[in-house]
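Please open the model in your viewer and keep the selection panel at hand.

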Amino acid sequence: MRKLAAGNWKMNGSLAALAEVNDLIAAHPAPACEMLLCPPATLISAMAAIVRGSALLVGAQDCHTHSAGAHTGDISALMLAEAGATHVIVGHSERRTDHGETDAQVAAKAQAAQAAGLVAIVCLGETEAQRDAGTTLAVIGAQLDASVPEASTAANLVIAYEPVWAIGTGRTPTVAQIAEVHGFLRQRLAGRIGAEAAGVRLLYGGSVKPSNAAEIFAIADVDGALVGGASLKAADFGPIVAALSAA
Ligand code: PEP
């Protein structure tokens, strides 16, 4: 399985910030892992033009459940694909919180993405209150069952485990906590999509940075990372790509 270092720029970046992309490609022309950046939708076309012919892939941060229609302000997976995206994040905790997205909507978005030929990166994770209450695995299991389309394959699905309390906080779970969840996810996914589960990349996300990347990538069933803040600068994301390539 080829591991995946994915960056989520969230609502950050500008045409000027695309200089970081050139720096990243120059520093990592042929990494051993896949390398992906998901900028705001307005920058996808420009970033896709820059990365053409390089090892860097471009993705999006959300898509609509339909391919076209009367949905003001929304963008379909087909449109993202035409703009040059190969992947799309769905169900990020910020979308689930800010826009009230449900597991059913996330599943429909993932299905729309896959139908458009994109890889769906389905995000799930527990809140701090859920972890404190000892319900982490129950919460994550339910999210996985309801957010992952049944027809998913290793080629069109990536799962990102992102504890909500670890996103943008500088806090990360222990190695044992990450290992427990990723092992559980692999098993649960096999119950849902069968043998394909063995090849699905399971990413960890939440305050991944150059200083903790190698330790996280050494954990069983961690097949890469979804990186927020540290994906904005080539000087931070590059070392994470290097750590994953070496893992
Ligand atoms: C994210 O937004 O998916 C994320 C993991 O953010 P950060 O790396 O900044 O914690």
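Select aspartate 221 first, in the loop that runs between helix H9 (210-217) and strand S8 (224-227); helices (H or I, at least four residues) and strands (E, at least two) are DSSP runs, numbered from the N terminus. The model is a predicted one, in which local features need pLDDT of at least 70, side-chain atom pairs count only at pLDDT 80 or more, and totals for chains, interfaces and linings use all residues. Residues are numbered from 1 along each chain as its sequence is written, and side-chain values use heavy atoms, with hydrogens and water left out.

Although aspartate 221 is not a glycine, its phi is positive, at about 70 degrees. Most residues other than glycine have a negative phi. Aspartate 221 counts as partly exposed because its relative accessibility is 28%; the class lies between buried (under 20% relative accessible area) and exposed (over 50%), with a 1.4 Å probe and protein chains only.

Next, select lysine 10, in the loop between strand S1 (4-8) and helix H1 (19-27). Lysine 10 is not a glycine either, and its phi is positive, near 55 degrees.

Now display the ligand. Which of the 14 residues around the ligand come nearest? They are Lys10, Glu162, Gly168, Ser207 and Gly228, where a residue is near a molecule if one of its heavy atoms lies within 4 Å of it. A polar side-chain atom of lysine 10 is 2.6 Å from an oxygen atom of the ligand. For histidine 92, a side-chain N or O atom lies 2.9 Å from a ligand oxygen atom. Serine 207 instead presents a backbone N or O atom, 2.8 Å from an oxygen atom of the ligand.

Proceed to arginine 201, in strand S7 (residues 201-205). Is this residue buried or exposed? Arginine 201 counts as buried because its relative accessibility is 8%. Its side chain and that of glutamate 34 are joined by a polar contact of 3.3 Å (a pair of N or O atoms within 3.5 Å; within protein, one must be able to donate a hydrogen and the other to accept it, and residues adjacent in sequence count only if both atoms are side-chain atoms). Beyond four places in sequence, the residues in contact with arginine 201 (heavy atoms within 4.5 Å) include Met1, Glu34, Ile159 and Asp223.

Leucine 36 belongs to strand S2 (residues 34-38). With a relative accessible area of 0%, leucine 36 is buried.

Cysteine 63 is the next selection, in the loop between strand S3 (56-60) and helix H3 (77-83). It is buried, with a relative accessible area of 1%. Valine 90 lies 27 residues away in sequence, with 7.2 Å between the C-alpha atoms; valine 90 is also one of the residues in contact with cysteine 63.

Finally, select helix H7 (residues 136-147) and helix H8 (residues 175-193), whose axes come within 10 Å and cross at roughly 35 degrees. Axes are lines fitted to C-alpha atoms, for helices over the stretch in contact, and angles run from 0 to 180 degrees between N-to-C directions. Among the residues making the contact are Leu137, Ile140 and Leu144 of H7 and Phe184, Leu185 and Arg188 of H8.
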